[in-house]
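Hi everyone, thanks for making time for this. I'd like to walk you through one model and some of its side-chain contacts, so please have a look at it first.

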Amino acid sequence: MKEHCGCRFVLPWPTGRAFCQDNNKNIIINNDNNVVDLEREKRWAELFDQLDLNKDGRVDVHELRLGLAAWGMLPRHDAEEILRVGDTNLDGQLDFEEFSRYLREHEKELRLMFRSLDRNNDGEIDVSEIQQSLHSLGVCVSYVEAEKILLSMDKDGTMTVDWNEWRDHFLFNPITNMEDIAYYWKHSVVLDIGECLTVPDEFSEQEKRTGMWWKQLVAGGMAGVVSRTGTAPLDRLKVFLQVHGSRDRSLHVLRGLRGMVAEGGLRSLWRGNGINVLKIAPESAIKFMAYEQIKRAIRGNEGTLRVQERFVAGSLAGATAQTIIYPMEVLKTRLTLRKTGQYSGMWDCARQILRKEGVRAFYKGYVPNMLGIIPYAGIDLAVYETLKNAWLQNYSHNSPDPGILVLLACGTTSSTCGQLASYPLALIRTRMQAQATVEGAPQLSMFALFQHIVSREGVPGLYRGIAPNFMKVIPAVSISYVVYENMKRVLGVASK
C-alpha cells in the first residue's frame with residue numbers, strides 16, 4: 001500500500017482490504033490509490049452486511065430480493081437488473097467490490113438526475129420543479145399529484161427533497177434517467193381484448209438499448225395469441241350478430257352459439273381465429289416502428305410525448321398499421337362468417353374474393369375503420385389518464401407508482417369506454433366487409449349503411465353484438481395479463 005499519511009490501519013471491510021485515512025477524516029485512499037468517501041463506504045458496508053444473509057461475503061439474487069423486500073421496497077426495484085449490471089465477473093453474485101462499484105456508478109447517475117431536477121440550483125427539489133421536469137418529458141401532472149411524488153421521498157417533512165433523501169430513495173432502484181421515472185405515469189400495461197386501436201406503449205431508452213423492447217413485444221404478441229384464442233367463440237359470435245342480427249331480431253347470445261355449433265360443430269366456434277392471431281405480429285411491428293418515427297418527427301430526440309401528442313402519434317401509427325394489414329381484417333371477417341366447406345383455408349378465401357370481387361374488396365369498410373381509431377384511441381387514453389390520476393390523488397400516499405392492479409382496472413375501463421364510443425363504426429365496417437357474403441344484401445356505402453341501420457333498427461341497431469364484445473373483456477384482460485407476465489419471465493424481461 002502506498003504511503004499517503006503518517007497513519008495506516010485496516011478496516012473490517014467485507015473485502016478485507018487495507019485503507020489509509022487521509023488528513024480529511026471523511027476521505028480514505030484504498031490500496032488501488034483511489035479516493036473513497038469513508039462515511040459512504042461504511043454505510044455501503046453495513047448495507048452489504050444486511051444483505052449477506054449467510055455471511056459468505058457474497059450476495060446472490062435471492063438474498064438481494066429478500067433484503068429489498070425487508071426494507072419495504074416495491075417490486076419494481078429490480079434485483080435481477082442490479083445483479084446484471086453489478087456482476088462484472090459473471091459469477092451470479094455480488095462481492096463487496098462489485099456491490100460498491102455498482103452503487104458508486106449508480107450514485108453518479110442519480111446525482112445527474114438530481115441536478116437536472118434542481119432547476120434553481122439550491123440543493124433541494126420542490127414540488128414545482130418535479131412538476132416542470134415531468135411536464136418537459138410529456139407527463140402532465142397536477143400540482144397535487146407532483147406533491148404526492150415529493151412526499152414519497154421527503155423524510156423530514158420539509159416539503160423539499162435534498163440530495164440525501166433523493167439518493168436513499170432511489171439507491172436500489174435501477175433507474176438511469178427521468179424518463180424511467182415518467183414510465184410509471186404512462187399507459188404501460190398490455191391489454192389485448194382483440195381490438196388493436198389502442199395507443200402504442202413507449203419504451204424507455206434503457207429498454208431500447210438493452211433490447212428489452214423486442215422481448216416485450218414478443219411477450220405481448222404471445223399474450224394476444226392466447227387471449228384471442230381463448231375468447232374466439234365470443235369474438236365470432238359478435239361478428240355473427242353484427243352481420244346477421246338485423247335479419248333475425250330474436251337472435252341472441254345463447255341462440256347464436258347454438259346455431260354456430262349446430263352448423264359446424266364445436267370447432268366452428270374458432271373460425272377466423274387463425275388469421276386473427278396471425279395478424280398480431282405484423283400489426284404490432286408496424287405500429288411500433290411507425291410510432292417511433294412519428295414520435296421523432298413530433299418531438300425530435302427530446303424524449304417522451306405529452307398526452308395529446310401521444311394521442312396524435314398513436315392514432316397515426318394505428319392508421320398506418322391498419323392500412324397495411326387491412327386485407328387481413330377483411331379475410332378474418334369472411335373466414336369468421338364462412339359456412340362449412342365454403343373455403344378450404346385462408347389462401348382459398350383470398351383467391352375467391354380476388355376472382356369474384358376484385359382487389360377493392362380487400363378494402364371494404366376501410367373508411368369507417370380509420371374513423372373508428374380516433375374516438376377509440378382518444379377516449380381510451382383520456383379515460384385511462386383521468387382514472388389513474390384520480391386514484392393517485394385520492395389513494396396514493398407514499399409512491400408515484402399506481403401498481404399493476406390499478407393499471408389493469410384503469411386499462412380495462414378505458415378500453416371498454418373506447419369500444420363503446422367506436423362500436424357503431426366497427427359494426428358498419430364489419431357489415432361492409434361482409435356485404436358480398438349476405439344473400440340479397442345491397443352493396444351500400446358507409447353513410448347509406450348508417451342511414452339504413454338507423455331507419456330500420458333505430459340507434460340500438462348500431463350496437464348489435466356488443467353484449468358478447470363486453471363479455472370477452474374480463475377473460476381477455478385476465479388471460480392477456482397472466483400470459484404476458486409469464487412470457488416476460490421466460491424471456492428474462494424484468495417487471496418495473
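Let me start with a question: does Glu 485 count as buried or exposed, and at what relative accessibility? Keep in mind that this is a predicted model. Glu 485 has 15% relative accessibility, and because buried means under 20%, Glu 485 counts as buried. Its salt-bridge partner is Lys 488, with the closest N and O atoms 3.6 Å apart. Lys 488 is buried too, at a relative accessible area of 7%. Both residues belong to helix 21, which covers residues 473-491, and they sit three residues apart, about one turn of the helix.

Now over to helix 11, residues 232-244, where Asp 235 and Lys 238 are again three residues apart, about one turn of the helix. Their side chains meet in a salt bridge with an N to O distance of 3.5 Å. Asp 235 counts as buried at 8% relative accessibility, and Lys 238 is buried with 4%.

Arg 43 lies in helix 1 (residues 38-51) and Glu 107 in helix 4 (residues 96-117), so the pair ties together parts that are 64 residues apart in sequence. In total, the count comes to 15 salt bridges.

Staying with Glu 107 for a moment, its C-alpha is 9.0 Å from that of Phe 170, although the two residues are 63 apart in sequence. Phe 170 is found in helix 7, residues 163-170, and counts as buried at 6% relative accessibility.

That brings us to aromatics. A pair of aromatic rings is described by the distance of the centres and the angle of the planes. How many aromatic pairs are there here? The count comes to eight. Take Tyr 326 and Tyr 366: their ring centres are 5.7 Å apart and their planes stand at 85°, so this pair is edge-to-face. Tyr 326 lies in helix 15 and Tyr 366 in helix 17 (residues 366-395), so the contact ties together parts 40 residues apart in sequence. Tyr 326 is buried, with a relative accessible area of 0%, while Tyr 366 is partly exposed at 24%. Elsewhere, Phe 48, Phe 96 and Phe 99 form one aromatic cluster. There is also a charge over a ring: Arg 111 lies over the face of Trp 163, at 3.9 Å from the ring centre.

What about the surface? Ile 298, Val 312 and Leu 316 make a nonpolar patch of about 230 Å². Leu 316 has its place in helix 15, residues 307-337, and counts as partly exposed at 44% relative accessibility.

Last topic, cysteines. A disulfide is a covalent bond between the sulfur atoms of two cysteines.

Key
Residues are numbered from 1 along each chain as its sequence is written. This is a predicted model: local features need pLDDT of at least 70, side-chain atom pairs count only at pLDDT 80 or more; totals for chains, interfaces and linings use all residues. Side-chain values use heavy atoms; hydrogens and water are left out. Patches are made of residues with over 30% relative accessible area and no salt bridge: like charges are joined within 9 Å, nonpolar side chains (Val, Leu, Ile, Met, Phe, Trp, Tyr) within 5 Å. Accessible areas come from the Shrake-Rupley method with a 1.4 Å probe; for residues, only the protein chains shown count as cover. A salt bridge is a side-chain nitrogen of Lys or Arg within 4 Å of a carboxyl oxygen of Asp or Glu. Helices (H or I, at least four residues) and strands (E, at least two) are DSSP runs, numbered from the N terminus. Buried means under 20% relative accessible area, exposed over 50%, partly exposed in between (1.4 Å probe, protein chains only). Rings of Phe, Tyr and Trp (its six-membered ring) pair if their centres lie within 6.5 Å; planes under 30 degrees apart count as stacked, over 60 as edge-to-face and the rest as tilted. A charge sits over a ring if NZ of Lys or CZ of Arg is within 6 Å of the ring centre and within 35 degrees of the ring normal.
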